[in-house]
Amino acid sequence: MTEKDKEAALNRYLEEHFIEEEKAGLEAEKNSVTSAKRPETGRSRLIPYSNPKAKYYCLIGLLIVSIIALVIVDAVRKKDLLKVNYGFSMGTVVIENIYGEKDYQPIFDDIGGIIEECDGRLSLTNEDSLISVLNRTHTADFGKEAGRLFDPLKKLYEDSDGAFDITVGSISALWAIGTENARVPEEDEIEDGLSHIDGSLISSADGIVTSGEGQITDLGAVGKGYVCDLIKDYLVEKDIHGACISVGGSILLYGAHGDDPVYTVAIRDPEGEASDTIGTLALSDCCVSTSGNYEKTYEEYGVIYHHIMDPKTGYPVENDLVSATVISDSGLLSDALSTACFTLGLEKGMALAQAYGAEAVFIDHAHQIFVTPGTELNITNDRYRFADAD
Amino acid sequence: MMRRFIRKGDILIAGMLVCIAVFIWLPAVLNSSGRLTAYIYEDGILKESILLSEDTASRTIEVHGGRILIEDGRIGYIEADCPDRTCMRSGMLSKAGQTSACVPNRTMIVIENKKADRDLPDAVTY
């Protein structure tokens with residue numbers, strides 16, 4: 001046989017067998033089609049198993065969809081994430097609520113550092129602080145911080161007619177309310193202390209702050225509010241989702257918790273314990289501070305002396321108010337104004353707060369509450385009521 | 001009839017999706033159950049957490065500069081060497097959001113309840 005013949009014979013052979021197989025296959029198909037619609041496999045209809053390419057793309061598609069879904073759900077839940085840290089600094093309790101940040105520990109550490117450093121610069125009890133240097137030598141280099149810190153306080157001294165005065169330190173140091181050395185000073189001591197109080201002698205130029213001879217400058221009334229401003233700078237710089245920070249009762253509100261930028265801040269009941277409150281405020285992106293006659297006290301012979309000294313009398317402030325709460329964009333101002341307004345009393349205090357464009361809540365001895373027109377306070381304690389509610 | 005519409009493969013895929021959903025929502029569900037918990041902090045570091053709703057046996061815990069008593073689902077300072085004793089004046093705490101702190105000794109008690117937290121203020125000014 002020639003090659004050609006062999007090939008032809010091979011082809012003929014293959015054809016015959018192939019056709020037979022094909023016929024057998026078709027027969028089998030015919031039979032199966034008549035008995036049941038499709039072969040009963042367990043395969044899901046969602047995935048086109050028969051078409052390999054389509055099956056491949058379908059599975060990839062499912063995978064991509066599930067990844068996208070997980071990412072979306074994770075992003076939504078991340079916004080609701082809240083981490084709380086409790087600590088002590090500036091001689092008081094610090095509570096930090098950070099929202100929507102998975103990497104929260106460095107944030108807590110950084111904020112703790114900011115508070116500690118600020119305390120190191122401004123604390124009266126720290127011998128090496130800038131304030132202590134100022135009080136010993138009557139000149140200190142506060143650098144860039146000088147203008148930001150001292151200029152508004154000087155202006156408030158003038159606007160409050162001396163009711164707010166950071167040189168009240170010479171009187172506060174005598175009483176030492178809130179320390180183990182708390183006592184009622186003698187009248188001549190108070191006379192002497194008063195003679196050194198004069199906020200007009202504080203000046204700040206090119207970072208250098210100077211005070212008058214014999215003066216003791218005390219930033220205790222503004223330190224906590226001021227550090228809130230420093231913390232806010234940090235939160236803005238790091239683009240933190242949201243935060244609610246309490247530095248000894250001076251509150252900073254920033255960003256949002258979840259999607260909601262409105263936080264609830266309660267005002268402490270002057271006659272209650274740490275968690276007793278009189279009402280709540282709904283606020284966003286601002287600072288809140290309170291000055292009251294209940295925070296630090298000293299009792300002698302049945303008389304209770306509180307820690308906010310009147311720079312004009314040398315004695316603890318005595319007027320119609322038990323507490324003054326001020327809300328402002330600036331932490332420094334909210335803290336300083338709360339002290340100033342508390343010292344001035346209801347009428348002048350209210351006028352001062354409004355002159356500064358701040359909102360305020362004052363509480364008097366008769367459980368009456370006075371608010372600035374723009375304040376929405378929700379009273380939750382039935383022992384207290386709005387002043388005009390009678 | 002069932003065998004034609006729902007196949008083993010469909011059940012498998014449905015099962016996988018349910019598992020994924022559970023995996024996503026389970027942590028949220030667990031966290032929202034109400035469990036009244038008291039936390040004791042020493043210098044900013046959590047010393048101990050007590051489940052007030054379950055830990056009913058009476059006991060005291062030594063902290064820096066004082067002692068804390070836990071009894072009948074309540075917790076509070078019963079001894080402190082600080083000058084002002086503010087911590088002890090707060091008495092026995094039992095409700096979510098209540099706090100008591102001994103600032104000179106840098107210890108504090110905080111009560112939290114995950115479920116009821118929505119009703120509590122975010123901060124208290126004082």
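Predicted model: local features only at pLDDT ≥ 70, side-chain atom pairs only at ≥ 80, totals over all residues.
User: Thanks! How many helices and strands does chain A have?
Analyst: There are 10 helices and 17 strands in chain A. These are DSSP runs numbered from the N terminus (helices are H or I, at least four residues; strands are E, at least two).

User: And is chain A compact or spread out?
Analyst: Its radius of gyration is 37 Å, well over the 21 Å that the globule rule gives for 390 residues, so chain A is more spread out than a compact globule. The radius is taken over C-alpha atoms, and the rule is 2.2 Å times the number of residues to the power 0.38. Along its principal axes, the C-alpha trace of chain A spans about 140 × 55 × 35 Å.

User: What share of chain A is buried?
Analyst: 44% of the 390 residues count as buried. Buried means under 20% relative accessible area, exposed over 50%, and partly exposed in between (1.4 Å probe, protein chains only).

User: Which residues have the most contacts inside the largest nonpolar core?
Analyst: That core has 58 residues, and A:Phe150 and A:Leu219 are among those with the most contacts inside it. A nonpolar core is a set of buried Ala, Val, Leu, Ile, Met, Phe, Trp, Tyr and Cys residues joined through side-chain atoms within 4.5 Å. A second, separate core of 20 residues includes A:Cys244 and A:Ile369.

User: What does A:Phe150 touch?
Analyst: Leaving out residues up to four places away in sequence, the residues in contact with A:Phe150 (heavy atoms within 4.5 Å) include A:Ile131, A:Phe142, A:Ser204 and A:Leu219.

User: Switching topic: how many salt bridges over all chains?
Analyst: The count is 10, where a salt bridge is a side-chain nitrogen of Lys or Arg within 4 Å of a carboxyl oxygen of Asp or Glu. In one of them, A:Glu145 meets A:Arg121 at 2.7 Å, N to O. A:Glu145 sits in helix H5 (residues 145–159) and A:Arg121 in helix H3 (residues 104–122), 24 residues apart.

User: Are those two buried or exposed?
Analyst: A:Glu145 is buried, at 11% relative accessible area, while A:Arg121 is partly exposed, at 24%.

User: What about A:Asp233 and A:Arg148?
Analyst: Their side chains form a salt bridge at 3.0 Å, N to O. A:Asp233 is in helix H8 (residues 223–237) and A:Arg148 in helix H5, so the pair ties together parts 85 residues apart in sequence.

User: Which residues make the nonpolar surface patch?
Analyst: A:Tyr56, A:Tyr57, A:Ile60, A:Ile64, A:Ile68, A:Ile72 and A:Val76 form it, with about 710 Å² of accessible area together. Patches are made of residues with over 30% relative accessible area and no salt bridge, with like charges joined within 9 Å and nonpolar side chains (Val, Leu, Ile, Met, Phe, Trp, Tyr) within 5 Å. A:Val76 lies in helix H2 (residues 52–79) and is partly exposed, at 47%.

Terms used
Residues numbered from 1 in each chain as written. Chains lettered and ligands numbered in written order. Heavy atoms only, no water. Areas by Shrake-Rupley, 256 points an atom, 1.4 Å probe, with all protein chains shown as cover.
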